[in-house]
Amino acid sequence: MNEKHYEVLVVGGGISGAALFFELAKYSDVNNICLLEKYEDLATLNSKGTSNSQTIHVGDIETNYTFDKAKITKRTAKMIEKFCLMYNLQDKIMFKHQKMALGVGEKEVEFITKRYEEFKEIFPYLELWDKETLREKEPLLVYADKERTKDRPEPIIAMGTDNEYTTVEYGEMTKELVKAAKEADPSKTTDVYFNTEVDEIEKIGDKFKVTTKNGTVYTADYVVVNAGAHSLYLAHKMGYGKHMGSLSMAGSFYITNDKYLNGKVYMVQNDKLPFAALHGDPDILCDGKTRFGPTALALLVLERYKGIFKSLGQCIKTMNIDGATFKIFWDLLKDSDIRNYVFKNFLFEIPGINKSLFVKDARKIVPSLSTADIEYAKGFGGVRPQVLDKKEQKLMLGEASINPGNGIIFNMTPSPGATSCLGNAERDIQVICNYLGKNFDHDQFLADFTDDK
Ligand SMILES: Cc1cc2nc3c(=O)[nH]c(=O)nc-3n(C[C@H](O)[C@H](O)[C@H](O)COP(=O)(O)OP(=O)(O)OC[C@H]3O[C@@H](n4cnc5c(N)ncnc54)[C@H](O)[C@@H]3O)c2cc1C
């Protein structure tokens, strides 16, 4: 039997796994690390550039973030920017766009104005843009018709900025993180294995035995499972996280036939809805054409486009359905706003009627948008593994982590998981180094990646 031993073994070659791999290689004295990825390359699922909205979620224009959450995301978002600057990746995989949160109608105008006053404490660069400023910066938000003869009837206002890094090709960043890890210290072992699907993880004595589908066996002192939607599946297989279930929320996009927006336009969140409001973004992989979305559709798969059929069974197991699951769904669906939202998002996927329904929602951003202007973005989008907390009987909205304290961690990473990859790895590397009696050069990490004093 072929058996290789590592101090730390990371499962999953998306951006979360790559970020941890990088930090271990560059900022710790762990000498022997490996990354196992089940597909043929890095970042083929949610971290791929076409799967997500390519946004650095800082918290300044995301109206679904509270003041406290915005403070946290600001710190971790900065790490993305600092990594890209450190490796000279600006204007290659990281870009600046104008960005804003748009309020439409009296109530939202009031909301944005108040929010601006509150949030400029955290984000001093934010500006409040009235209709005339928006006419200059993002004209299609202002006009009701394509000929630009009349304005939309509702009042509008936005809080935004035009000199910040906003956009990253997270698939490329995943590859850059792994490259940087391999180059950080050539005396270290930093192995990456592709086409290596982890099937089983067992704790034997003080080590973990990791068996893969292709029959290879690895052992490790510490294991971190950063397998996206599959993390909870692997945790359940080991008997961990049984009080959690996973709800796969697929997100799709619609793309315009030309460049419609100059920058990112986010909308005001309806507090009752569990997923972020629709937004418009220039797609850096499609010549800046505007991508609207994402939608939110519950699907019985752990991944889209690739291992759909295999992941169907895994998804049903990972949902971990019981009375508590039904109670969570019932509590969500008894609210008519949520019910209508779920139904509408289902219809957004049905060919024939989807475009005309979706365009109605997207017109809140660009009032003159017509069905002829957009196409369903085939092959785009991914799956957000939202965690159901069955003890609390509620849907958890952010990321979740299971750490039983015995040398293994499982991370579930819905949005904004790409933005927080280096911050999540910073949290995990401290736990790993404490457990293994290794050192993490936290001071150097903080100096390189944060503005913390
Ligand atoms: C529609 C949508 C829009 C989003 N927009 C944004 C955004 O704008 N900004 C942002 O910050 N975040 C966004 N996100 C979230 C972000 O994409 C994810 O949080 C992030 O990509 C998660 O990275 P990951 O590495 O944890 O998971 P993934 O990218 O899913 O990677 C997991 C990896 O694990 C591998 N794997 C799975 N099982 C196994 C196994 N058994 N053995 C070995 N390998 C395995 C997979 O093949 C995969 O490569 C969005 C997500 C979606 C779906």
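**Domains, ligand shell and helix packing in a predicted model**

Mentor: In this predicted model, 27 residues of domain 1 are in contact with 27 residues of domain 2.

Trainee: Which elements give two or more residues to the side of domain 1 that touches domain 2?

Mentor: Domain 1 covers 3-98 + 162-449, and domain 2 covers 99-161, according to the domain assignment. By class, the side of domain 1 that touches domain 2 has 12 nonpolar, eight polar and seven charged residues. The elements that give two or more residues to this side are helix 2 (67-86) and strand 14 (264-267).

Trainee: What distance separates the centres of domain 1 and domain 2?

Mentor: The centres are taken over C-alpha atoms. On that basis, the separation between domain 1 and domain 2 is 30 Å.

Trainee: How many residues of the shell around the ligand are polar?

Mentor: The ligand is surrounded by 40 residues, and the closest are Gly12, Gly14, Gly228, Gly251 and Gly417. Helix 1 (15-27) and strand 19 (382-389) each supply at least two residues of this shell. Its residues divide into 12 nonpolar and four charged, while the number of polar residues is 24.

Trainee: Is helix 1 roughly parallel or roughly antiparallel to helix 5?

Mentor: Helix 1 packs against helix 5 (residues 170-184) at an angle of about 20 degrees, and their axes are 8 Å apart. Angles under 35 degrees count as roughly parallel. Therefore the orientation of helix 1 to helix 5 is roughly parallel.

Trainee: What is the handedness of the crossing, and how many residues of the contact of helix 1 with helix 5 are nonpolar?

Mentor: Helix 1 passes helix 5 in a left-handed crossing. Residues of helix 1 including Phe21 and Phe22 meet residues of helix 5, among them Leu177 and Val178. The contact has one polar and one charged residue, and its nonpolar residues number 13.

Trainee: Where is Pro294 placed?

Mentor: The peptide bond from Gly293 to Pro294 is cis as well, with omega near -10 degrees. Pro294 is in the loop between strand 16 (290-293) and strand 17 (297-298).

Trainee: What is the phi value of Arg148?

Mentor: Arg148 belongs to the loop between helix 4 (131-137) and strand 6 (156-161). Its phi is positive, in a residue other than glycine, and the value is near 60 degrees.

Notes:
Residues are numbered from 1 along each chain as its sequence is written. This is a predicted model: local features need pLDDT of at least 70, side-chain atom pairs count only at pLDDT 80 or more; totals for chains, interfaces and linings use all residues. Domain bounds come from an automatic or database domain assignment. Two residues are in contact if their C-beta atoms, placed from the backbone, lie within 7 Å. Helices (H or I, at least four residues) and strands (E, at least two) are DSSP runs, numbered from the N terminus. Ala, Val, Leu, Ile, Met, Phe, Trp, Tyr, Cys and Pro count as nonpolar, Asp, Glu, Lys and Arg as charged, and the others, Gly among them, as polar. A residue is near a molecule or strand if its C-beta atom, placed from the backbone, lies within 6 Å of it. Axes are lines fitted to C-alpha atoms, for helices over the stretch in contact, and angles run from 0 to 180 degrees between N-to-C directions. Angles under 35 degrees count as roughly parallel, over 145 as roughly antiparallel, 65 to 115 as roughly perpendicular and the rest as oblique. A crossing is left-handed if the near helix is turned anticlockwise from the far one by less than a right angle, and right-handed if clockwise.
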